[in-house]
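Dear colleague,

I am passing on the structure below, together with some notes on what turned up in it. Please read the notes with the coordinates open beside them.

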Amino acid sequence: MHTDNEQDTLPLVPKGIAAEAGGTGPVLIGGHCPHCRRDFFPRPRYCPGCMRPPQERLLSGDGVIYSYTVVRIRPPLGLPQPYAVGFVDLNQSGLRIFGLLNHGDIDRLAIGKRVRLKLGPLGQDGGGQACMRPYFSLVAAEGDDD
Amino acid sequence: MTKPVVAGVGMIPFAKYPQRTLVDLGAEAAFLALQDANVAPGRVEAGFFANAVGSRLFGDSTIGQNVLWEVGVNRVPVINVENACTSGSTAFYLACNAVAAGQAEMALVVGAEKMCVPEFGLINSGESEWDTQLGLVAPASFALRAQRHMLEHGTTVEQMAQVAVKNRAHAAGNPMAMFREPITVEQVLAAPMIVDPLTRLQCCPIADGAAALVVCSEEMARGLGSAAVRVEAVVLGTGGYESPQDLARWETDFRVCAQAYEKAGLGPEDLDLVECHDAFTISEILHYEALGLCPPGDGGRFVEQGHATLGGRVPVNPSGGLLSRGHPVGATGVAQVMEVVSQLRGQAGPRQINGARIGLAHCMGGDKAGDTKSCTVAILGI
Ligand SMILES: [Zn+2]
């Protein structure tokens, strides 16, 4: 059990793809090419459309599960056993991205359910230390009986 | 441009070889292919060696030179090829191109892998990408496709299990296959769950193994006296990696298959057999659709109705496929071409498809942004 204080000191892995953004909660660190009007996640060095460097764009982590699965074999990278992953369609940017799903949600996952990005303790890093990871967590929808 | 032909094939049974080295496995397959083509090693003008995980597991590199030296192939260009599961089929692609361009009149392709060692973990596409760092392992990316296919097309777990059952039944006739005992749909579904909804018997097993091919010009083949099989087309494509990717209809798979048909001037209706990359049961169902063997979405029903079974409309994976032959990554793409060649020559024993004239070998490898890193399709004819 971690206190909020201890959680804040845990390292976030992998680095550079998600961050807390003040009042709005966690966001994904993506890119945007104003010339091609395209969003990217993660941010590429060059826009594949025009080769200009994309700007950083913080992407909302609100979305809908496009597909999901539960990995039940011995997990890699210090992840818990079992752990859940999926593709999430992000509401704002329209990107479909791969991500971890909250393993507390495993029995309630379904395609089409609403999720929101969180940063929290999940498994251990390469050195065997507890770490934080970005993951998508189910959002209770209106009329949902969960 | 000269048309390349396959003039010799050789492989060792895919199995566990704890006492043998990677070089030893590759050299035996190379020897068998040269012997089958009835050529001395001095006639080989280029060598292409495929291996995917040797550098990671054994810290070794440029292994091809070691393998080819064992069978007397030296001084000529030797190229080491790593392209995930398509390493072997990429080596074949390069050899065909070298012969077609007149850069080598004869090329030797060897694919070898040794992975049944304690150090071996779960296959993923490397740890430099953010998605593999978030736990994307190979079976998960196919499980995610399976979930979509089930939702969109009504594909059932029983239909997926039938792919494993069919390929195991085919493997009974293939002495090169690792697993040859028949299995039932009930057994497949009762096996331990790996990644929902794929059970262990729906995931191809790792193996040690090696396979080799002699590729040469048509003119040279005429003088050899072995049964040469024409390469009508061989193509290699990579993913588009744009977001969003459609996980139930694989754009890269459809695109590369269409390109191969166009190049060969042939279509799915011309095929007598297919060897495809059944790394997982759902993979084979997706490939039926990309190859145009059935309409998009109908892959589950296609296998259920027996169309992909030996004796059916288009037998798929008569060798037993990756699911039963085993998957020594660098050797797989070479072994697939060898199966097509053996069938077209009428040398496939109890699993022979009578009168087979045209066959196709399809392979896929790696994962990036919900897409494949590599896809190869070769169409061969006699
Ligand atoms: Zn641009």
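Where in chain B is the place of B:P244? In this model, which is a predicted one, B:P244 sits in the loop that runs between β8 (229-237) and α10 (251-264) of chain B. The peptide bond that joins B:S243 to B:P244 is cis, with an omega of about 0°.

A:P14 belongs to the loop between α1 (4-9) and β1 (18-20) of chain A. Another point to check in chain A is A:R37, which has a positive phi of about 55° although it is not a glycine; A:R37 is found in the loop between β2 (26-33) and β3 of chain A. As background for these entries, most residues other than glycine have a negative phi, and most peptide bonds are trans.

The second largest pocket may interest you as well, and its volume is about 690 Å³. There are 26 residues in its lining, and those closest to the centre of the pocket are A:F41, A:P42, B:Y241, B:K368 and B:A369. Two or more lining residues come from each of β3 (38-40) and β7 (96-101) of chain A and from α5 (130-133) of chain B. Sorted by class, the lining of this second largest pocket comprises 13 nonpolar, five polar and eight charged residues.

Turning to the domains, the assignment for chain B gives domain 1 as 4-119 + 207-229 and domain 2 as 130-202 + 233-381. The C-alpha centres of these two domains of chain B lie 23 Å apart, and the contact between them takes 41 residues from domain 1 and 33 residues from domain 2.

Finally, there is a helix pair in chain B, in which the axes of α4 (residues 87-100) and α14 (residues 329-345) come within 5 Å and cross at roughly 60°. Because of that angle, α4(B) counts as oblique to α14(B). On the α4(B) side the contact is made by B:S87, B:G88, B:S89 and B:F92, and on the α14(B) side by B:G330, B:G333, B:V334 and B:V337. By class, this contact of α4(B) with α14(B) has three nonpolar and five polar residues, with no charged residues.

Technical notes. Residues are numbered from 1 along each chain as its sequence is written. Chains are lettered from A and ligands numbered from 1 in the order in which they are written. This is a predicted model: local features need pLDDT of at least 70, side-chain atom pairs count only at pLDDT 80 or more; totals for chains, interfaces and linings use all residues. Side-chain values use heavy atoms; hydrogens and water are left out. Axes are lines fitted to C-alpha atoms, for helices over the stretch in contact, and angles run from 0 to 180 degrees between N-to-C directions. Helices (H or I, at least four residues) and strands (E, at least two) are DSSP runs, numbered from the N terminus. Angles under 35 degrees count as roughly parallel, over 145 as roughly antiparallel, 65 to 115 as roughly perpendicular and the rest as oblique. Contact means heavy atoms within 4.5 Å. Ala, Val, Leu, Ile, Met, Phe, Trp, Tyr, Cys and Pro count as nonpolar, Asp, Glu, Lys and Arg as charged, and the others, Gly among them, as polar. On a 1 Å grid over the protein atoms alone, a cavity is a set of points where a 1.4 Å probe fits but cannot get out, and a pocket is an open set with protein on both sides within 12 Å along at least five of seven lines; lining residues have an atom within 4 Å of a point. Grid points are joined across faces, edges and corners, and a volume is the space filled by probe spheres set on the points. Domain bounds come from an automatic or database domain assignment.
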